[in-house]
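Please open the structure in your viewer and keep the sequence panel beside it.

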Amino acid sequence: MKKMLWLAAAAMTVTSPAAAASLQESIRADMPMLMTLYRDLHANPELSMQEVRTPAKLAPEMRKAGFDVTEHVGKTGLVAVMKNGPGPVLLIRADMDGLPVKEQTGLPFASKAMGKLPDGTETPVMHACGHDTHITTWLATGRRLATLKSQWSGTLVMILQPGEERVMGAKAMLDDGLYTRFPKPDVLLAFHDSATLPAGVIGIPLGYALANVDTINISVKGVGGHGAYPQNTKDPIVLASRIVMALQTLVSRENDPQQPAVVTVGSFHSGTKSNIISDEAKLALTVRSYTPETRKLLLDGIRRIVRGEAIAAGMSDDKMPTVEIEEPSADATFNTSPFAEHLTQLFGAHFGADRVVNPKAVMAAEDFSRFWLADKSKQSVIFWVGGVPQAKWDAVKGDTLKLPALHSSLWAPDAEAVISTATEAMTIAALDVLKKG
Ligand SMILES: [Zn+2]
Ligand SMILES: [Zn+2]
């Protein structure tokens, strides 16, 4: 539908210099209000699927801006729709959950919030992934696009998604009728703050952006007994150790070296005492890939190696290890062509080419992928907006391994730069997707 238009318009900015200046001025005027909101959200983070205060705070703001707002979509999600004549449907998503992390930033508005994990344990909560910048940008973009209503035509579907950190909120919203109860999107857009780009720099991965992530729990059975009589036992520690070593060959010997893959055994537990041979060993793995083919190769290979090693150790059929893939898994997030290339050019023309890069994909995960996987005919992009304060970036000469990562208790982005840049980028992207005629 928009393919030809995108290609034809590739080299042009959607906004004239005067319009760009006026957009920046409007965002600047909103900044004090937005930073107040940001600090409030930062001080009051909520755990995945328990976001109650956040959508309740944002709903009236979006109604005020002229959106039709529906709450409690996918438990705690929110959908704000603005119909504005004929044209495509654009979905803009912000995720809104915090993490079970004790904040150590020392910021005056640092979180002291506590929450309860699904198993009932009490935990400190922090916006350690920067989703508070996403929520604030979401409102800022909604306000801008409502004011600029005469300049676009089509439908805006702006969603606040719960439970990203547990990769379950996107599915919850889809299962609750996101694509049937509300206008079905043609184009999907989201952004994430970045701890590996300097503040205000935009990164658009081309193709894969984030990975497939599977968590695997393996229970290796043995036959326990006295440590002095190994001949009467089947030692699950020795068997599980063989399994761990054999798993290393999946990536090194079976996988195509051109296809990124990770198999990490992050946890190995067995036994209680030096002279007792235990009767079970438990392994927990994280398995990461981009393509469905690599994912299948790894998961099939794990099952085969686990069973094969158990047979080699002489385990009977009723004592074969069990391999369980923990739900939910995350599917890789893909930035489609030509939208990703087009946004690179659009943002480059608007912000200057030095503020726009095409970074490599990362092995972390996102459930934004689900909105596209639910209908692959759409165009979809998630882009990064750098949050590393310029002074910190300069101090380490861009070596971000020396700085706090996302999910760190020390992650303190330059929120003002993230929110203003992301709002400007989201607004011009939306004006471009929904341009008149
Ligand atoms: Zn995160
Ligand atoms: Zn995140």
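The stops below cover the metal sites, some backbone features and the packing of helices.

**Conventions**

This is a predicted model, in which local features need pLDDT of at least 70, side-chain atom pairs count only at pLDDT 80 or more, and totals for chains, interfaces and linings use all residues. Residues are numbered from 1 along each chain as its sequence is written, chains are lettered from A and ligands numbered from 1 in the order in which they are written, and side-chain values use heavy atoms, with hydrogens and water left out.

**Stop 1: the zinc ions**

Select the zinc ion (ligand 1) together with C129, E165 and H407. The coordinating atoms are C129 (SG), E165 (OE), E165 (OE) and H407 (NE2), at 2.0 to 2.6 Å. Donors here are N, O and S atoms within 2.8 Å of the metal (3.2 Å for Na, K and Ca); water is not among the atoms, so sites may look incomplete. The angles among the four donor atoms run from 54 to 150°, and the site is irregular. Four donors count as tetrahedral if all angles lie between 85 and 135 degrees; four count as square planar and six as octahedral if opposite donors are over 155 degrees apart and all others between 65 and 115; anything else is irregular. Along the chain, the donors of this ion follow the spacing C-x35-E-x241-H. C129 lies in the loop between β5 (122–124) and α4 (131–147) and E165 in the loop between β6 (154–161) and α5 (169–175), so the pair ties together parts that are 36 residues apart in sequence. Helices (H or I, at least four residues) and strands (E, at least two) are DSSP runs, numbered from the N terminus.

C129 bridges the zinc ion (ligand 2) and the zinc ion (ligand 1), which lie 3.1 Å apart.

**Stop 2: backbone features**

Return to the loop between β6 and α5 and select V167, which lies there. Phi of V167 is near 40°, a positive value in a residue other than glycine.

Then select P328, in the loop between β15 (322–325) and β16 (333–335). The peptide bond from E327 to P328 is cis, with omega near -5°. The bond from S337 to P338 is also cis, with omega near 10°, and P338 lies in the loop between β16 and α8.

**Stop 3: helices packed on α11**

Select helix α8 (residues 339–351) and α11, which pack at an angle of about 120° with their axes 11 Å apart. Axes are lines fitted to C-alpha atoms, for helices over the stretch in contact, and angles run from 0 to 180 degrees between N-to-C directions. The contact includes F339, L343 and F347 of α8 and A425, I428 and V433 of α11; contact means heavy atoms within 4.5 Å.

Finally, select helix α2 (residues 17–43) and helix α11 (residues 415–433), whose axes come within 10 Å and cross at roughly 130°. Residues of α2 in this contact include L23, I27 and Y38, and those of α11 include I419, T423 and I428.
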